[in-house]
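Please look at the sequence and the structure below.

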Amino acid sequence: MSARTQSSLSGRRFEEGDLLDAARAVFHAEGYAAAQIADIAKRAGTTKPTLYARLGNKEQIYLHVVRREAEVFRGWVADAYEKGSRLPLAELAEVGMEPLFRFAAERTEGFNLLFRGEKTGDRPAALRQEVVNSVIEQLTGLIKHRQEAFGPDLGSVADALAAACVGVALQVCEHTIDRGGDLNAARHLAARFVENAFHNLDLETLTP
């Protein structure tokens, strides 16, 4: 039997991804505190014993869910930034914004659980910060790789620029979600904002 599937007494096989999808939906809809194992099992079409056997207790299931979302998001970021390493600055800002806005659009429940846990009754702060830091680190490397477009050696300023970019992306993304706006249009807006900010920085005064 696959490590990611398990048969019930009726012979039905449960994919781990399906169980996590059900758990994600329940945690997102009910919040961590109110969510019940029975609700997750019902949504997944399985039983509480199966859930306990496959994923553990409620806290463990929740961590499985948010860690999977973090893994998916990191993968999208890595793919986008690898492509961005070959692009001019004008296109780099657009590529850099794409993973977050795509994640918010295509995996809205996962985005909210990972980045906005306070809205669902819990906040995986340590994991969220770990993900944000990893994105900043990757973007810092990408900016340094393209630093010939800026002129001076950016040094530690590159990290600050990367942090500012990530902060802008998160704020614009959350604002757009809260107001039911167009995430694609918001992505373009955020990218143009960051691009213009880069062009207007007096980096000679910011670098040692």
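The charged end of K58 sits over the ring of Y32, 4.7 Å from its centre. A charge counts as sitting over a ring if NZ of Lys or CZ of Arg is within 6 Å of the ring centre and within 35 degrees of the ring normal. A contact of this kind also involves R102, which lies over the face of W76 at 3.7 Å from the ring centre.

The model is a predicted one, in which local features need pLDDT of at least 70, side-chain atom pairs count only at pLDDT 80 or more, and totals for chains, interfaces and linings use all residues. Residues are numbered from 1 along each chain as its sequence is written, and side-chain values use heavy atoms, with hydrogens and water left out.

The protein has 10 helices and 2 strands. Along the sequence they follow the pattern β-β-α-α-α-α-α-α-α-α-α-α. Helices (H or I, at least four residues) and strands (E, at least two) are DSSP runs, numbered from the N terminus.

The aromatic side chains come next. Rings of Phe, Tyr and Trp (its six-membered ring) pair if their centres lie within 6.5 Å; planes under 30 degrees apart count as stacked, over 60 as edge-to-face and the rest as tilted. By this rule there are 9 aromatic pairs. In one of them, the ring centres of Y32 and Y62 are 5.0 Å apart and the planes stand at 70°, so the pair is edge-to-face. This pair links distant parts of the chain, 30 residues apart: Y32 is in the loop between α1 (16-30) and α2 (37-44), while Y62 is in helix α4 (residues 58-84). Y62 counts as buried because its relative accessibility is 3%, where buried means under 20% relative accessible area, exposed over 50% and partly exposed in between (1.4 Å probe, protein chains only). Elsewhere, F73, W76, F103, F111 and F115 form one aromatic cluster. W76 in this cluster is the residue whose face R102 lies over.

How do helix α7 and helix α8 pack? Two packed helices are described by the angle between their axes and the distance between the axes. For α7 (residues 125-145) and α8 (residues 157-178), the angle is about 125° and the axes are 8 Å apart. That makes α7 oblique to α8. Angles under 35 degrees count as roughly parallel, over 145 as roughly antiparallel, 65 to 115 as roughly perpendicular and the rest as oblique. Axes are lines fitted to C-alpha atoms, for helices over the stretch in contact, and angles run from 0 to 180 degrees between N-to-C directions.

E137 lies in helix α7 and is exposed, with a relative accessible area of 60%. C-alpha to C-alpha, E137 is 7.7 Å from A162, and the two are 25 residues apart in sequence.

Of the 208 residues in the protein, 48% are buried. R24, placed in helix α1, is buried at a relative accessible area of 14%. R24 and L113 are 8.0 Å apart in space, C-alpha to C-alpha, and 89 residues apart in sequence. Y52, in helix α3 (residues 48-55), counts as partly exposed at 41% relative accessibility.

The structure holds 0 disulfides, a disulfide being a pair of cysteine sulfur atoms within 2.5 Å.
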